[in-house]
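Please look over the sequence and the structure shown below before reading on.

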Amino acid sequence: MPCLAPGHRHCRHPPGLPSLLGSFPPSLILALTRDAAAIYAAPGRGGNDERQRPSLRPRTASRCLLFCRHPFRSIPALFLSSRAPRGGRRTLFSSRGMAASRAWLARAATVLGFLLLAASAEAGPAEVEMVFLKNAVAKGAVCLDGSPPVYHFSAGSGSGANNWLVHMEGGGWCRNTDECAVRKGNFRGSSKFMRPLSFSGILGGGQKSNPDFYNWNRVKVRYCDGSSFTGDVEAVESGKNLYYRGFRVWRAIMDDLLTARGMNKAQNVLLSGCSAGGLAAILHCDRFHDLFPATTKVKCFSDAGYFLDGKDISGNNYARSIYKNVVNLHGSAKNLPASCTSKQPPELCMFPQYVVPTLRTPLFILNAAYDSWQIKNVLAPSPADPKKTWAQCKLDIKSCSPSQLTTLQNFRTDFLAALPKPSPSIGMFIDSCNAHCQSGAQDTWLADGSPLVNKTQIGKAVGDWYFDREVSQKIDCPYPCNPTCKNREDD
């Protein structure tokens, strides 16, 4: 973490700077240094003799971090950058000065400790443990480049110690060798490029910001196969050395959670995901449910994973061609729900509208009716818009022409018609936002200013549904009726 006054002579950071401070925002550090300055300036218990305590230079304290490297190395410079009392030399290391300083330091350390403890609750979320399943490689459960699969794990505590939330990362699909080869060079296709991350939103660990799931065992499954965890081709693609093993990755991670982490003892479980991971939460929902005994409460949650089988602006079914190529390349058909593939071509069983009616497991659907990814890739994909007349509208819904807005309203009508019929096991939160994935960020999940439908925020609606407090089926009015929307695309 850089000093608030880079280059200042008092700002040489020591090795081993406490990680707690490293997670604080600069504004919080500045506030703490000012508090420390106030403590430093307070007279000692022994009296108000100015010579018995060193005086602080406030400008130095306010511009530098709490802990800087002093020439004596082991002592915080904040407490040693003192001026000599008037009319004399510096007396901090005289016997009298040392005694006074020790008394003051004891008081200051106590108060500062309380300040840091209180402030830690406001610090940014810490990075979450990253688990590489190297033993899965022998089973052929690997990313596109052959590297081991990865998940992040934060252990549950208290009342949530036996509850599990397993969230699958999103990130689209690759439908040919060229697209999959590109992914090999980044974290979408190789765990070599994955880095630690922090949890927020539905995975957040704060009671106020995630009251229903904050103390559960929380898992984020990284996505590196490009098939929504459905692929399984034994042969390695020789031309570009690609492994299509998404389903094996999913199964290897579930097995590890069940056996090595204790998920087999779960009382409550929620399988969730965003985008391609949200689709995976639907496709694997019943299979996930079958991993647990009948006494375990299991539900599934899909965020921005309800992809519509609809016509694009040219009248073609462009999304069908995407899924057909994905299924063929990755050998996905055998890992799609048999309840669907027994009735439909396998590529159609990548569309939730053909899968959800046959699910045995309760499902919550979170989606924007004007999903930004779907508008770009289902409704107005580039091949359907060669003149790029939709370019600005796809970037910002406020830039859409009246005729384009009419097309968007028709898309919403088709989307709502493709949703499952209301039932106690189905929860919904369909807002009128131009967004994609709304459960991973705190400001859309549950915070002041989060999107509302029927005066309810997403995090509350999902919690009410999971714990059977309410049958949550929130359908928003048409755009642009909802001023609480945060129109952006995450995954």
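The lining of the second largest pocket is made up of seven nonpolar, seven polar and four charged residues. In this classification, Ala, Val, Leu, Ile, Met, Phe, Trp, Tyr, Cys and Pro are nonpolar, Asp, Glu, Lys and Arg are charged, and the others, Gly among them, are polar. The pocket holds about 250 Å³ of space. Of its 18 lining residues, Ser200, Lys220, Gly440, Ala441 and Asp491 are the closest to the centre. A pocket is found on a 1 Å grid over the protein atoms alone, as an open set of points where a 1.4 Å probe fits, with protein on both sides within 12 Å along at least five of seven lines; lining residues have an atom within 4 Å of a point. Grid points are joined across faces, edges and corners, and the volume is the space filled by probe spheres set on the points.

The structure is a predicted model, in which local features need a pLDDT of at least 70 and side-chain atom pairs count only at pLDDT 80 or more, while totals for chains, interfaces and linings use all residues. Residues are numbered from 1 along each chain as its sequence is written, and side-chain values use heavy atoms, with hydrogens and water left out. The pLDDT is the predictor's confidence in each residue, on a scale from 0 to 100. For this chain the mean pLDDT is 83, and 75% of the residues reach 70 or more. Over residues 1-94 the pLDDT is below 50, and this stretch has 152 contacts in the model beyond near neighbours in sequence; a contact means heavy atoms within 4.5 Å. Residues 115-123 also have a pLDDT below 50, with 16 contacts beyond near neighbours in sequence. Where pLDDT is low, the predicted coordinates should not be read in detail.

Helix α16 comes next. Helices (DSSP runs of H or I, at least four residues) and strands (runs of E, at least two) are numbered from the N terminus. Helix α16 spans residues 458-466, and eight of its nine residues are buried. Here buried means under 20% relative accessible area, exposed means over 50%, and partly exposed lies in between, with a 1.4 Å probe and protein chains only. The buried residues of α16 are Ile458, Gly459, Ala461, Val462, Gly463, Asp464, Trp465 and Tyr466. What covers them includes the strands β7 (268-274), β8 (297-303), β9 (363-368), β10 (426-431) and β12 (456-457), together with helix α15 (442-445). Just after α16, Asp468 has a positive phi of about 60°.

How many disulfides does a search of the whole structure find? There are eight, each counted as a pair of cysteine sulfur atoms within 2.5 Å. A disulfide is a covalent bond between the sulfur atoms of two cysteines. One of them joins Cys143 and Cys224, whose sulfur atoms are 2.1 Å apart. Cys143 lies in the loop between β3 (129-132) and β4 (150-154), and Cys224 in the loop between β6 (217-221) and α6 (246-259), so this pair ties together parts that are 81 residues apart in sequence. The torsion about the S-S bond of Cys143 and Cys224 is about -75°, and the disulfide is therefore left-handed. Cys143 is buried, at a relative accessible area of 0%, and Cys224 is buried at 0% as well.

Another disulfide links Cys174 and Cys180, with sulfur atoms 2.1 Å apart. Its S-S torsion is about 90°, so this link is right-handed. Both Cys174 and Cys180 are buried. Cys393 and Cys400 form a further disulfide, with sulfur atoms 1.8 Å apart, and with 80° about the S-S bond their link is right-handed. Cys393 is buried at 3% relative accessibility, and Cys400 is buried at 10%.

Some backbone details remain. Most residues other than glycine have a negative phi, and most peptide bonds are trans. Ala304, in the loop between β8 and α9 (318-330), has a positive phi of about 60° although it is not a glycine; Ala304 is buried, at 1% relative accessibility. Lys388, in the loop between α12 (372-379) and α13, also has a positive phi, near 60°, but Lys388 is exposed, at 58% relative accessibility. Finally, a cis peptide bond with omega of about 10° joins Tyr479 and Pro480, and Pro480 is placed in the segment after β13 (473-475).
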